[in-house]
Amino acid sequence: MDFFDYKRDVLHAEDVSLHAIAETYGTPTYVYSRATLERHWQAFDNALSHHAHLICYAVKANSNLAVLNVLARLGSGFDIVSGGELARVIKAGGDPSKVVFSGVAKREDEIRYALENKIMCFNVESHAELDRINKVAEEMGVVAPISLRINPDVDAKTHPYISTGLKSNKFGIAAEQALASYRYAHSLSNLDIQGMDCHIGSQLTDLAPFEDALDKLLVLVDALEKEGISLTHLDLGGGLGVTYQNETPPDLEEYAARLGRKLADRQHLKLILEPGRAIAANAGILLSKVEFIKQGEEQHFAIVDAGMNDLLRPALYSAWQNIIPVDRNTEATPHLYDVVGPVCETGDFLGKERTLPIQPNDYIAVRSAGAYGFVMASNYNSRCKPAEIMVDGANHHQVRARETLEDLWLGESVLP
Ligand code: LLP
């Protein structure tokens, strides 16, 4: 459920007309809804209320400071994958002691920075990384809290680019090697084993792979227990899908209930989830203006002012995101359009074969753009990154200014 709806035939974010936002801030512009972010985070928190848990929002989905701050105020933890993301969490008022650090190649300086800030746990993906974290911790005279990311070899049945829990993927430690890896971690004096984690993929629309992964992890947890290595938390990663078109993502209550059943007699194991998309995707839209309507030989093109540099998912994954007109009360006749951007690439499209009643200067909204939207934007074609606005009831706040031309060459210089 989100708070983007038509009111008097104009699309609104909460109580603010998107027409007004476009006129005030220009386009292309990302617009987020605070109430939607909060609702989605609370839904996770409430669903898991039967078990000790922590929701660690995956910062990579949308790392705008205002987004992080809204979630930090709810008491959220954070899943980070870089020193940069930790810096953002801290800047936004997040609590480092609720941060888990994922990723296959944490640099020494990032590990040091995370240890200085006393994060909750490093999700470690290899022996080499165990060695590196142990070395940095030893140099600092501290003990590093760690978890091992297990690759449970389950098929998440999602897009191959965002499937991460198969043997063929670069992520995690194979389940067969897990015990040896835990023993090895146990032998290193500056590591403190806290948990076990996995993340099998993103945009999952079926609960079975999550359950299979949890089953595999629990077998390992028991085996470790027998060896005297007891864990305090289990982190199942993110990955819950959302509705872009006609997907029916698993019901959150059902997901939580199934996890809860498997963990019922393990109250000492705190459950961590790292949702990104499920919290942020439908809490944002990308607002864009129709520049031209072009009749090709075979297709009609709606050329809009947002391109693949602003929203990459359609070009990169052939992802389908709904595109709707901001003003429903239009005289334009609906036509079938390929909605394309201004970037000089044939792959620069936001949507293909969409029936839209639009004409030049109309505004459109690309839905479900709150996750993996702005964070994947680039300056390709020397285009300034869009502004980001957060709506809060009847108020709107610019939470990132549109880039200016000067921003484009910040840090660059010519030869003397
Ligand atoms: N935890 C870890 C370790 C992850 O790698 C990810 C996402 C998440 C949590 C959050 O997953 P979520 O709940 O958002 O599914 N750019 C792609 C998605 C890449 C996801 C990468 N990892 C897209 O636009 O679809």
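Q: Which residue in β3 does His12 stand opposite?
A: His12 stands opposite Ser17 in β3. A caution on provenance: this is a predicted model, in which local features need pLDDT of at least 70 and side-chain atom pairs count only at pLDDT 80 or more, while totals for chains, interfaces and linings use all residues. Residues are numbered from 1 along each chain as its sequence is written.

Q: And how many bridges hold the pairing of β2 and β3?
A: Strand β2, residues 10-13, pairs with β3 in the antiparallel sense over 2 bridges. Strands here are DSSP runs of E with at least two residues and helices are runs of H or I with at least four residues, numbered from the N terminus, and two strands pair if DSSP finds at least two bridges between them.

Q: What sheet are they in, and which strands are at the edge?
A: The sheet is open and has 3 strands in the order β1-β2-β3, with antiparallel pairing. Its edge strands are β1 (4-7) and β3 (16-17), each of which pairs on one side only.

Q: Which peptide bond is cis, and where is its proline?
A: The bond from Thr27 to Pro28 is cis, with omega near -5°, and Pro28 is found in the loop between α1 (18-25) and β4 (29-33).

Q: Switching to helices, at what angle do α5 and α6 pack?
A: Helix α5 (residues 108-116) packs on helix α6 (residues 127-140) at an angle of about 55°, and their axes are 10 Å apart. The axes are lines fitted to C-alpha atoms, for helices over the stretch in contact, with angles running from 0 to 180 degrees between N-to-C directions. The two helices, α5 and α6, are therefore oblique to each other (under 35 degrees counts as roughly parallel, over 145 as roughly antiparallel, 65 to 115 as roughly perpendicular and the rest as oblique).

Q: Which residues meet there?
A: From α5, Glu108, Ile111, Arg112 and Leu115 meet Arg132, Ile133, Val136, Ala137 and Met140 of α6, where contact requires C-beta atoms, placed from the backbone, to lie within 7 Å. By class, this contact of α5 with α6 has 6 nonpolar, no polar and 3 charged residues (Ala, Val, Leu, Ile, Met, Phe, Trp, Tyr, Cys and Pro count as nonpolar, Asp, Glu, Lys and Arg as charged, and the others, Gly among them, as polar).

Q: How do α8 and α9 pack, then?
A: Helix α8 (residues 208-226) and helix α9 (residues 252-263) pack at about 20°, with axes 11 Å apart, and that makes α8 roughly parallel to α9. Their contact is made by Phe210, Glu211, Leu214 and Leu218 of α8 with Tyr255, Arg258, Leu259 and Lys262 of α9.

Q: Zooming out, what are the domains?
A: The protein chain is divided into domain 1 (4-32 + 281-408) and domain 2 (34-278), with bounds that come from an automatic or database domain assignment. Their C-alpha centres lie 32 Å apart, and the contact takes 22 residues from domain 1 and 20 residues from domain 2.

Q: Which strand gives the most on the domain 1 side?
A: On the side of domain 1 that touches domain 2, β20 gives the most, with 4 residues.

Notes:
Contact = placed C-beta atoms within 7 Å.
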